Amino acid sequence: MSSSLHLSLIRPAAKIKKRLAQVTALPPDNPSGILRIMEEPAPTKPAAALTPEKVFTDYAPRIYNLARRMLASDVDAEDVTQDVLLQVVRKLDTFRGESAFPTWLHRVTVNAALANRRKKAAREKHQLSDPLDHFLENGHHNGPIRRWAVDPKYRVLEKETHQLIERAITGLPEIYRDVFVLADVEGLPNAEIGEMLHLTLPAVKSRLHRGRLLMRTALAPHFEEVA
Amino acid sequence: MTITCRELAELLIDFVAGELPPEHHQRVEHHLECCPPCLTYLETYRMTIQVTRNLPCQPIPPELIEKLRAALKEIKDI
């Protein structure tokens with residue numbers, strides 16, 4: 001075998017090993033540095049007591065964003081934000097200066113969003129499709145899998161890209177959307193999500209995984225490299 | 001024992017979280033070494049997680065800010 005032919009046979013395998021090393025070297029699922037929407041802002045001075053004004057300024061946008069992503073509706077998110085904010089301000093004395101406040105706020109917001117959804121007569125009627133069904137009977141992919149032309153480490157994505165991702169979240173079926181938003185947007189641990197939504201840990205993981213696969217499928221046509 | 005592409009896809013959530021038992025982890029890595037489509041699938045699965053985590057907080061609509069301020073004022077006045 002000539003040396004050039006030998007090299008051409010070796011190179012693809014070496015390339016795959018290099019890509020595999022890069023992928024497996026990425027940080028784990030919940031690195032401490034991720035953005036957590038309800039997280040208390042980093043204090044630059046000693047923590048101030050929680051006042052209605054502070055709650056309004058620091059937390060109202062976060063309540064609004066969580067509700068909007070869970071409910072996929074600006075109008076419903078506005079109702080929930082108002083309900084939650086008033087509820088929180090009325091009970092503020094209980095949480096003055098306590099670190100449990102963000103966790104409690106998450107729970108109040110999730111409960112209010114779920115209650116808002118229950119009130120609605122129109123439920124999702126479409127069939128749930130399982131993204132894992134998109135494989136052939138022999139277990140192979142049912143089409144080409146293309147690489148994406150997006151740098152995930154680039155933290156300031158374009159506004160259009162944000163809108164694209166928000167639309168994909170909105171398009172998720174409710175049962176996957178709730179878990180996906182709480183886990184991957186809010187950065188909450190799976191166990192905490194299970195408590196909030198009254199789900200077992202395996203159920204949380206199953207829904208999160210399917211939510212991610214559906215998001216991947218929705219984003220792929222926009223991010224794939226041109227063949 | 002080898003695994004199929006579909007079986008690998010089912011294991012991705014635990015694989016990226018580093019929660020797969022060693023014997024399963026090894027099978028996934030072995031499959032990825034031989035299957036470029038699955039390697040790309042894994043890369044794009046991870047990218048999906050990462051781009052979602054970079055989402056910014058959208059500003060509250062001005063009309064809602066007004067409504068909330070009015071509601072807060074009512075509480076303070078009680």
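**Entry 1: order of elements**

I started at the N terminus of chain A and read its elements off as α-α-α-α-α-α-α-α. My tally for chain A is eight helices and zero strands. A reminder to myself: this is a predicted model.

**Entry 2: burial and contacts in chain A**

Next I looked up how much of chain A is buried. Of its 227 residues, 29% count as buried. Then I turned to contacts in chain A between residues at least 6 apart in sequence, and found that 71% of them join residues at least 24 apart.

**Entry 3: the largest nonpolar core**

Which residues touch the most other members of the largest nonpolar core? I noted A:A60, A:I63, A:A67, A:V179 and A:F180, out of 59 residues in that core. Helix 2 of chain A is the top contributor here, giving 10 residues. I also checked the domains: the core takes at least three residues from domain 1 (52–119) of chain A and at least three from domain 2 (128–223). For my own background, nonpolar side chains tend to be buried together in soluble globular proteins.

Setting aside neighbours within four places in sequence, I found A:F180 in contact with A:I169, A:L172, A:L208, A:G211, A:R212 and A:M215.

**Entry 4: helix 7**

Helix 7 of chain A covers residues 190–197, and its buried residues include A:N190, A:I193 and A:M196.

On the face turned away from the buried side, helix 7 of chain A carries A:A191 and A:E195, both exposed. I then stepped past the end of helix 7 and came to A:H198, where phi is positive, near 55°.

**Entry 5: where chain A touches chain B**

Last, I went to the contact between the chains. I count 51 residues from chain A and 44 residues from chain B in it. On the chain A side, the elements giving two or more residues are helix 1 (3–24), helix 2 (52–71), helix 3 (74–90), helix 5 (159–170), helix 6 (174–185) and helix 8 (201–223). Helix 8 of chain A gives the most to that side, with eight residues. Sorted by class, the side of chain A that touches chain B has 29 nonpolar, nine polar and 13 charged residues.

Key:
Residues are numbered from 1 along each chain as its sequence is written. Chains are lettered from A and ligands numbered from 1 in the order in which they are written. This is a predicted model: local features need pLDDT of at least 70, side-chain atom pairs count only at pLDDT 80 or more; totals for chains, interfaces and linings use all residues. Two residues are in contact if their C-beta atoms, placed from the backbone, lie within 7 Å. Helices (H or I, at least four residues) and strands (E, at least two) are DSSP runs, numbered from the N terminus. Ala, Val, Leu, Ile, Met, Phe, Trp, Tyr, Cys and Pro count as nonpolar, Asp, Glu, Lys and Arg as charged, and the others, Gly among them, as polar. A nonpolar core is a set of buried Ala, Val, Leu, Ile, Met, Phe, Trp, Tyr and Cys residues joined through C-beta atoms within 7 Å. A residue is buried if 20 or more other C-beta atoms lie within 10 Å of its own, exposed if 12 or fewer, and partly exposed in between; C-beta atoms are placed from the backbone. Domain bounds come from an automatic or database domain assignment.
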